[in-house]
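Please read it alongside the sequence and the model.

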Amino acid sequence: MSGLKSRKLLSVQEHLRDRVANALRAALISGDLQPGVIYSAPTLAAEYGVSATPVREAMLDLAREGLVEAVRNKGFRVTELSDRDLDEYTEIRSLIEIPTIGRVTRSASREQLEALRPMAEEIVAAADRGDLIAYLESDHSFHLGLLALAGNARLLETVADLRKRSRLYGLADLSQEGALAGSAREHTALLDIMIAGDAEGAEEHMRHHLAHVRTLWAARKREAERPARTRGSR
């Protein structure tokens, strides 16, 4: 019985760590946790009403994803992405995703592509209602769903990792300004082009989409560099 209790306790602890990690990701996306600022596990734990242990474990999960970095005896610093970082991530994604989208357009059936339409439509709906978490989750599922049709698991893992490392932070202001709506609608347009069988058009649209996302990154960085409210060093 003691073994069973231990497994149940471990399951509860893992669930709490996952919940805290998701809450921290949401704070990164909204801009409540800001790049370059150091946050301590005890302070964040007090804010979320949990002990420091699941916060530390969740932060280590985020560190493995490249979203934060550990600072010895202080806590965790939200990773800052330079323009060069963003350009390099965009270049690698372009080299992988653009030709893959063309290949999928030539090989996937109409039914396979239409099955992804609800995800594309949810991206638009989430952008319109300002639901940043749903926006990013739907965007993630849509893009990886398309690439999965290429049948290359390693390619999918690589793109998933790149997307995590180049995640947009502090989207709240951009969402309120309506800057995400245009990018959101590019997903349904891409799907329509692919269903029409226009591989070259799909590749060009994907090229435009990635450039648009890079522009959003640049706009977010300019916003972050303005004097603004800060939560202070934790």
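## Packing of α4 and α8

The axes of helix α4 (residues 83–107) and helix α8 (residues 153–165) come within 11 Å and cross at roughly 145 degrees, where axes are lines fitted to C-alpha atoms, for helices over the stretch in contact, and angles run from 0 to 180 degrees between N-to-C directions. Y89, I92, R93, I96, E97 and T100 of α4 meet L155, T158, V159, L162, R163 and R165 of α8, contact meaning heavy atoms within 4.5 Å. These residues comprise six nonpolar, two polar and four charged. Helices (H or I, at least four residues) and strands (E, at least two) are DSSP runs, numbered from the N terminus.

The model is predicted, with local features needing pLDDT of at least 70 and side-chain atom pairs pLDDT 80 or more, while totals for chains, interfaces and linings use all residues. Residues are numbered from 1 along each chain as its sequence is written, and side-chain values use heavy atoms, without hydrogens and water.

## The sheet

Three strands form an open sheet in the order β1-β3-β2, with antiparallel pairing. Because β1 (38–39) and β2 (68–71) each have a single partner strand, they stand at the edges, and one side of each lacks a neighbour in the sheet.

Two bridges join β1 to β3 (residues 75–78) in the antiparallel sense, pairing requiring at least two DSSP bridges between two strands. F76 in β3 is the bridge partner of Y39.

## M206 in α11

M206, in helix α11 (residues 199–225), is buried at a relative accessible area of 0% (buried means under 20%, exposed over 50%, partly exposed in between, with a 1.4 Å probe and protein chains only). Leaving aside neighbours within four places in sequence, M206 contacts E97, I98, I101, H143 and L190. The C-alpha atoms of M206 and P99 are separated by 9.3 Å, although the two residues are 107 residues apart along the chain.

Key: Nonpolar A, V, L, I, M, F, W, Y, C, P; charged D, E, K, R; others polar.
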